[in-house]
Amino acid sequence: MQQLAVDLGERTYPIYIGPGLLAQPELYERHRGSGQILVVTNDCVAPLYLDRIVAALGEPETLVLPDGEAEKTLARTEQVLDRLLRAGFGRDGTLVALGGGVIGDLAGFAAAIYQRGIDFIQVPTTLLAQVDSSVGGKTGVNHPLGKNMIGAFHQPRAVIADTDVLATLPDRELSAGLAEIIKYGLIRDRGFLEWLETHMDGLRARKPALLTEAIARSCRNKAEVVAADEREGGVRALLNLGHTFGHAIEAGLGYGEWLHGEAVGAGMCMAADMSVRLGWLGEDDRARAVHLIERAGLPTRPPRGLTPEHMRALMARDKKVVAGQLRLVLLRALGEAVVTGDFSPDTLSRTLVGNARAE
Ligand SMILES: NC(=O)c1ccc[n+]([C@@H]2O[C@H](COP(=O)([O-])OP(=O)(O)OC[C@H]3O[C@@H](n4cnc5c(N)ncnc54)[C@H](O)[C@@H]3O)[C@@H](O)[C@H]2O)c1
Ligand SMILES: O=C(O)C(=O)C[C@@H](O)[C@H](O)[C@H](O)COP(=O)(O)O
Ligand SMILES: [Zn+2]
């Protein structure tokens with residue numbers, strides 16, 4: 001087992017990574033509150049893993065929600081809150097999120113607002129959740145008009161990433177996780193980017209040692225950024241590379257048609273393209289980034305049917321907008337990103353039009 005930490009003073013918490021962790025009672029025992037436990041999961045993950053976690057936790061309450069990004073809503077959050085209330089949970093209760101990023105974000109948000117905040121433990125079961133969403137305390141849900149528009153910062157007490165569960169993950173979901181992994185290389189870790197170029201085929205073949213190394217290196221990157229800027233006053237915004245484009249794709253398609261990681265893959269290609277248009281990134285480096293994203297099995301352009309005008313309107317609601325000005329994460333070099341509003345509307349338009357697929 002590997003153990004890392006997200007260093008946040010009194011709220012510092014561990015990330016455990018390794019095989020078989022889901023079923024280890026002592027990990028939960030170490031980090032749970034003294035009261036009741038509710039495990040929140042979905043109807044895809046429950047038949048696969050709920051019994052193991054129930055056995056490890058004794059007799060927790062369980063709640064199985066419907067699967068899917070379209071279910072990451074306030075209404076489903078209310079369902080979790082109802083359950084906590086009806087079961088008589090107090091502030092000493094603990095919520096355990098068993099699933100991918102959708103369950104982690106939603107259950108984490110319920111934990112953030114129930115009685116103004118109770119403890120929660122992240123048990124991420126997708127590659128994406130193990131490398132990104134379970135770490136850092138961004139919790140929340142979608143709104144039809146924008147991605148993750150309702151939420152709170154609320155850090156988990158621990159992250160328990162059992163690498164065995166990746167065996168049942170569909171290939172498409174594995175690729176989605178690779179998008180966020182590549183992101184760390186592009187924004188701040190060129191050595192990792194080169195390692196990914198060497199090992200992409202082995203990662204897609206799910207070689208266990210490679211997956212574990214990719215998860216640990218990703219979590220280390222994320223933990224460092226979060227420790228430096230927990231509430232996204234500055235450097236944390238770099239974790240949004242490709243996301244302003246990507247979130248517009250997800251919202252524009254009505255959530256769920258494209259996976260978050262797929263939208264981020266295409267979005268990172270668009271960010272690289274715009275960086276070239278601004279003269280900040282060399283064409284060779286852009287092509288190198290796009291090639292790696294393609295090798296990960298991800299789209300490199302937005303979907304048909306989303307016009308540049310529609311994308312632009314959705315992007316205008318991004319949470320990084322300040323005083324009406326859109327800011328984007330762009331690349332100065334491979335391994336070096338900046339958040340900037342220093343571009344003309346025309347450059348953005350040309351990027352959107354240049355990347356649009358013919359109908
Ligand atoms: N909070 C953050 O910092 C953060 C970071 C990145 C992404 N996100 C959010 O995370 C979400 C995407 O997460 P995701 O990619 O994990 O999607 P997801 O939660 O929808 O999971 C993907 C699919 O895999 C299934 N699944 C989960 N574990 C499985 C397993 N072990 N075997 C087989 N199937 C399994 C799920 O039921 C689902 O159908 C988005 O809503 C995104 O906005 C949040
Ligand atoms: O942790 C962060 O910070 C991130 O931005 C990680 C992203 O991968 C993630 O998709 C996050 O949910 C995006 O947050 P948002 O604030 O842009 O909605
Ligand atoms: Zn993301």
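Angles under 35 degrees count as roughly parallel, those over 145 as roughly antiparallel, those from 65 to 115 as roughly perpendicular, and the rest as oblique. Helices (H or I, at least four residues) and strands (E, at least two) are DSSP runs, numbered from the N terminus. The structure is a predicted model, in which local features need pLDDT of at least 70 and side-chain atom pairs count only at pLDDT 80 or more, while totals for chains, interfaces and linings use all residues. Residues are numbered from 1 along each chain as its sequence is written, and chains are lettered from A and ligands numbered from 1 in the order in which they are written.

Helix 12 (residues 308-315) packs with helix 13 (residues 345-355) at an angle of about 130°, the axes being 9 Å apart; axes are lines fitted to C-alpha atoms, for helices over the stretch in contact, and angles run from 0 to 180 degrees between N-to-C directions. Helix 12 and helix 13 are therefore oblique to each other. For helix 9 (residues 243-252) and helix 10, the angle is about 135° and the axes lie 7 Å apart; this pair, too, is therefore oblique.

Ligand 1 is surrounded by 31 residues, of which C44, G100, G101, T126 and S133 are the closest. Two or more residues of this shell come from each of helix 4 (101-113), helix 5 (127-133), helix 6 (171-188) and helix 10 (260-277). A residue is counted as near a molecule if its C-beta atom, placed from the backbone, lies within 6 Å of it. The shell of ligand 1 comprises eleven nonpolar, twelve polar and eight charged residues. Here Ala, Val, Leu, Ile, Met, Phe, Trp, Tyr, Cys and Pro count as nonpolar, Asp, Glu, Lys and Arg as charged, and the others, Gly among them, as polar. Ligand 1 lies between domain 1 (2-168) and domain 2 (171-355), because both give residues to its shell; the domain bounds come from an automatic or database domain assignment.

The residues around ligand 2 include D132, K147, E180, R236, H243 and K319. Its shell divides into one nonpolar, four polar and seven charged residues. Since domain 1 and domain 2 both contribute to this shell, ligand 2 also lies between them.

An unreviewed UniProt entry places the feature "binding site" at E180, H243 and H260. These residues are spread over 81 residues of sequence, yet they cluster in space, with a largest C-alpha distance of 10.2 Å. E180 is found in helix 6. UniProt positions follow the numbering used here, feature names are shortened, and annotations may be inferred rather than shown by experiment.
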